[in-house]
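Subject: Structure handover

Hi,

Here is the structure for you to look at. My notes on what was found follow below it.

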Amino acid sequence: MDWSGQTAFILAGGPSVLDLDLSPLKGRRVIAINSAYETWPRADVCFFADARWYIDVYPKQPKFLGQFATTSTGGPRDVLRFTKIDPANGIATKRDQLALSRTSVSGAANLARHWGAKAIVLLGVDGKLDGAKRHNHNAHYPWPLMNGCFDQHRNELAGLSSSLRAEGIRLMNCSPVNVIPGWDRATFDEALA
């Protein structure tokens, strides 16, 4: 895919997305993480890194009509498949690899980089629960959250920020409740401008 010079929006599952009117995403480049495509069914790509999601959760949801991408060995045959590498050394530069360990958002950001995005905007990367609400969609994830998972996600995204910025990619985080070092805080309207 060629997204040269465009802004890529990464739609994660955080509940803060429920406060947004996503209609301005129409015609824009969107990568949904796992079941977040339910919130924006027009996403170009649904990225998942864990085959358990595709096997245990996806079959119970409305079908996604866009392109799947993954670092997992599971999933449909026509998926865009990448090799997962350790993000400790920064973003993957080989187009068949994605750097991620603890969060699929890292893989999606790397994918947007491979496709030439000039800016990457995070939506719903909240880094915490909203009361008992875990997601902005209706999918039920049968696995408990791991202790410290949100800190691990935040640290991984912060660690990748310098290598993305070194390539001239602007990084924006639109979550009103999560600060990620290396990612500029922005409102959704600012990210759309």
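How many salt bridges does a search of the whole structure find? The search finds five. A salt bridge here is a side-chain nitrogen of Lys or Arg within 4 Å of a carboxyl oxygen of Asp or Glu.

Before the details, some ground rules. This is a predicted model, in which local features need pLDDT of at least 70 and side-chain atom pairs count only at pLDDT 80 or more, while totals for chains, interfaces and linings use all residues. Residues are numbered from 1 along each chain as its sequence is written, and side-chain values use heavy atoms, with hydrogens and water left out.

Salt bridges

Asp44 and Arg29 form one of them, at 3.3 Å from N to O. Asp44 sits in the loop between β2 and β3 and Arg29 in strand β2, so this pair ties together parts 15 residues apart in sequence. (Helices, H or I of at least four residues, and strands, E of at least two, are DSSP runs numbered from the N terminus.) Asp44 is partly exposed, because its relative accessibility is 22%. Arg29 is also partly exposed, at 25%. The cut-offs are these: buried is under 20% relative accessible area, exposed is over 50%, and partly exposed is in between (1.4 Å probe, protein chains only).

Glu167 pairs with Arg113, and their closest N and O atoms are 2.8 Å apart. The two come from distant parts of the chain, 54 residues apart: Glu167 is in the loop between α3 and β9 (170-173), Arg113 in helix α2. Glu167 is partly exposed at 39%. Arg113 has 16% relative accessibility, so Arg113 counts as buried.

Arg165 pairs with Asp184, with 3.1 Å between the closest N and O atoms. Here helix α3 supplies Arg165 and strand β10 (residues 184-185) supplies Asp184, 19 residues apart. Arg165 is partly exposed at 34%. Asp184 is partly exposed at 32%.

Nonpolar cores

A nonpolar core is a set of buried Ala, Val, Leu, Ile, Met, Phe, Trp, Tyr and Cys residues joined through side-chain atoms within 4.5 Å. The largest core has 34 residues. Which of them touch the most other members? They are Phe47, Leu111, Ile120, Leu122 and Trp183. Elements giving two or more residues to this core include β1 (7-11), β3 (45-48), β8 (119-123) and α3 (149-166). Helix α2 gives the most, with five residues.

A second, separate core has 31 residues, among them Leu22, Val30, Phe68 and Val121.

Take Ile120 for a closer look. Leaving aside neighbours within four places in sequence, Ile120 is in contact (heavy atoms within 4.5 Å) with residues including Ala8, Ile10, Ala109, Leu164, Met172 and Trp183.

Cysteines

A disulfide is a covalent bond between the sulfur atoms of two cysteines. With the cut-off for a sulfur pair set at within 2.5 Å, the whole structure has zero disulfides. Cys149 is in none, and the nearest cysteine sulfur, that of Cys46, is 19 Å away. Is Cys149 buried or exposed? Cys149 counts as buried, because its relative accessibility is 9%. Cys174 is buried too, at 11%.

Asp189 lies in helix α4 (residues 188-192). Its relative accessibility is 62%, so Asp189 counts as exposed. The C-alpha atoms of Asp189 and Pro24 are 9.1 Å apart, although 165 residues separate the two along the chain.

Best wishes
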